[in-house]
Amino acid sequence: MTVRRLAQLAALAAVLIVIVLATLVAIRLLGGRTGGAVQVVSAPADVVARGKYLAEAADCAACHSAPGGAPYAGGLAMQSGFGTIYATNVTPDPDNGIGRWSADDFWRALHDGIRRDGQQLYPAMPYTSYRGMARADADAIYAYVMQLRPMKVANLRTELDFPYNIRPGMMGWNLLFLTDTISAASTGSSAAWQRGRYLVDVLGHCGECHTPRGILGQMELSQPLAGFALGRVAAPDITSAGLASRGWTAASLRTYLSRGIASRGSAFSDMHQVIVLSTRNLTAEDSDAVVTYLLGDRPPPPAPLAAADPAILEAAANGAGRTNYVALCAGCHGLAGSGVPNTVVALRSNSTLRLADPRNLIVVMLDGIGPENFPHRASLQAMPGFADKLSDQQAAELANYLRVTWGGQKPDVTAATVRALR
Amino acid sequence: MSLPTRKLTVTINGRRRGPMDVPEGMMMIDVLHEMLDLTGSRLGCGIGICHACVVIWDRDDQTSEEVQTCITGADFFDGKRIRTIEGIAQKNDKDEIVALSPVQQAFLDNYSFQCGYCTPGFVNAATVLIERLKRAPVPRAQVEATVAAALENHICRCTGYVRYYQAVRDVILATPGLTRDDA
């Protein structure tokens, strides 16, 4: 009898929850709008200019432009563990873009992750970070994008697996994971630190790549900026301790953010885009603020390269790894790993070699890096990939040689590690 | 003080060379030029981009690929078989050239090169392509794209691409067995 009663209660509760959820969804969708007047926004030039600056700081263009496509016209495919999401057209085209969106609609998307039609956005759009944005800043970005040239570029349909393709499900996700503030990644209180926190955690949404993600794709806010492999190339640990452990200083970080090439290496993969589209445009003051926040008000001293066990160094210097280095890498990077100024990055001071996780080193060895242009007319030619010239074992030996000699890391890469990344 | 050396044995154009002592870190282009008197391969950019310096690496699985000798150390070639531009034409027992390869002839017929500096690289790339098509023909409709893909890494500063590409297309279309009619 009791069991039956419990079952009845559970069924009743389930029905009630479904009704409540359905009502919420219905209210949300009925509250949404699709038609409506085309917005005419005439903002003062200084507001538009500020909006442009903020849009660049928020790196909207990185996702809202497809390779070779018009800026802000959408189309970039973002792969996730749940399926593919396409960034949308955010030019003021009335039919394909946001031409009918009001400033309030725009704010709701940035702050709550809700589209004008009432549907939920997926957090590939980082409203999870933008939620902390000042309303005035969101309005300035709105004023800027609304005066872009409208592009008649249709949006591509998001392709997510069941049940993730049910957008209202994101209401539950937001209930669990959407927070007003992201816990600070470093310690500080100065004005520069506060500004940096806003630039890094809100506008720059750095944590969306650099913060580890949990099983439902949420940022693990207990470990802000501690590094994560969302794609093939991992976003490294950029906490103050992580940066210092790889030799980064305020000066080298500043150079990196503004130029993309610094003593600790050059930006590649997605981070190259971030430099070129976003951080290079920051004012010197804002760039300093980003660095102040990343390293904290009292930056830790950069760690010297850990002294390797002489026996391990000796073994590396005479092993197969070095033979392959001399055969395949030294032609450009030099026998001593010094690189060529303005042409080939140095390896002996390279931050990627100092990562405990060998993933990025191996991926670059296998895939190479395409040709890249950098600010101030600098450029680096393509580095070839060596996937077809190195066996798993050879690649592992080469990675270990580099890790031991210039990375202060253990020679713990195995053929299996390499095979998993092929 | 002397430079540390490493032993190199390599088969070039069918002839075994070495073992010889090569200074550690010496690039293969320098070994070819300075130690073996094979000066046909051209040093261009020195950073692996222009592909004027490529030689053909014949792998044990019967496939071949181009390798840039300006950025590839001599060590890489130890125990391997390669062909340089000097080994492309047909030779007799006395090592005298008796006939140009079809690719070389087509380059002449089309007057493909101007200054000729990048030509050895283009000849090797086209040779690798023709050999690949013998093993795996492509539909006739894809010849254009196939040639472009095979040669696109090679840089010619005299802008001779059109005639290079035309010459390679000619050879492919005129040689039975390199194309299929199915598509």
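**Exercise 1. Contact range in chain B**

Among contacts in chain B between residues at least 6 apart in sequence, what percentage join residues at least 24 apart?

*Solution.* The structure is a predicted model.
- Step 1. Take the contacts of chain B whose residues are at least 6 apart in sequence.
- Step 2. Of these, 63% join residues at least 24 apart.

**Exercise 2. Elements and overall dimensions of chain B**

*Solution.* 
- Step 3. Along the principal axes, a box of roughly 60 × 35 × 30 Å is filled by the C-alpha atoms of chain B.
- Step 4. For burial, a residue counts as buried if 20 or more other C-beta atoms lie within 10 Å of its own. Buried residues are 39% of the 183 residues in chain B.

**Exercise 3. The two domains of chain B**

State the domain bounds of chain B and describe the contact between domain 1 of chain B and domain 2 of chain B.

*Solution.* 
- Step 1. The domain assignment places domain 1 of chain B at 5-87 and domain 2 of chain B at 94-177.
- Step 2. Between the C-alpha centres of these two domains of chain B the distance is 21 Å.
- Step 3. Domain 1 of chain B gives 15 residues to the contact, and domain 2 of chain B gives 13 residues.
- Step 4. On the side of domain 1 of chain B that touches domain 2 of chain B, the elements giving two or more residues are strand S3 (54-58) and strand S4 (64-68) of chain B.
- Step 5. Sorted by class, that side of domain 1 of chain B has eight nonpolar, four polar and three charged residues.

**Exercise 4. Strand pairing in chain A**

*Solution.* 
- Step 1. Two residues lie between S1(A) and S2(A), which form a hairpin.
- Step 2. Within this pairing, A:Thr84 in S2(A) is the residue opposite A:Gln79.
- Step 3. S2(A) is also joined by two bridges to strand S3 (residues 159-160) of chain A, and these strands run antiparallel.
- Step 4. A:Gly83 has A:Leu160 in S3(A) as its bridge partner.

Terms used
Residues are numbered from 1 along each chain as its sequence is written. Chains are lettered from A and ligands numbered from 1 in the order in which they are written. This is a predicted model: local features need pLDDT of at least 70, side-chain atom pairs count only at pLDDT 80 or more; totals for chains, interfaces and linings use all residues. Domain bounds come from an automatic or database domain assignment. Two residues are in contact if their C-beta atoms, placed from the backbone, lie within 7 Å. Helices (H or I, at least four residues) and strands (E, at least two) are DSSP runs, numbered from the N terminus. Ala, Val, Leu, Ile, Met, Phe, Trp, Tyr, Cys and Pro count as nonpolar, Asp, Glu, Lys and Arg as charged, and the others, Gly among them, as polar. A residue is buried if 20 or more other C-beta atoms lie within 10 Å of its own, exposed if 12 or fewer, and partly exposed in between; C-beta atoms are placed from the backbone. Two strands pair if DSSP finds at least two bridges between them.
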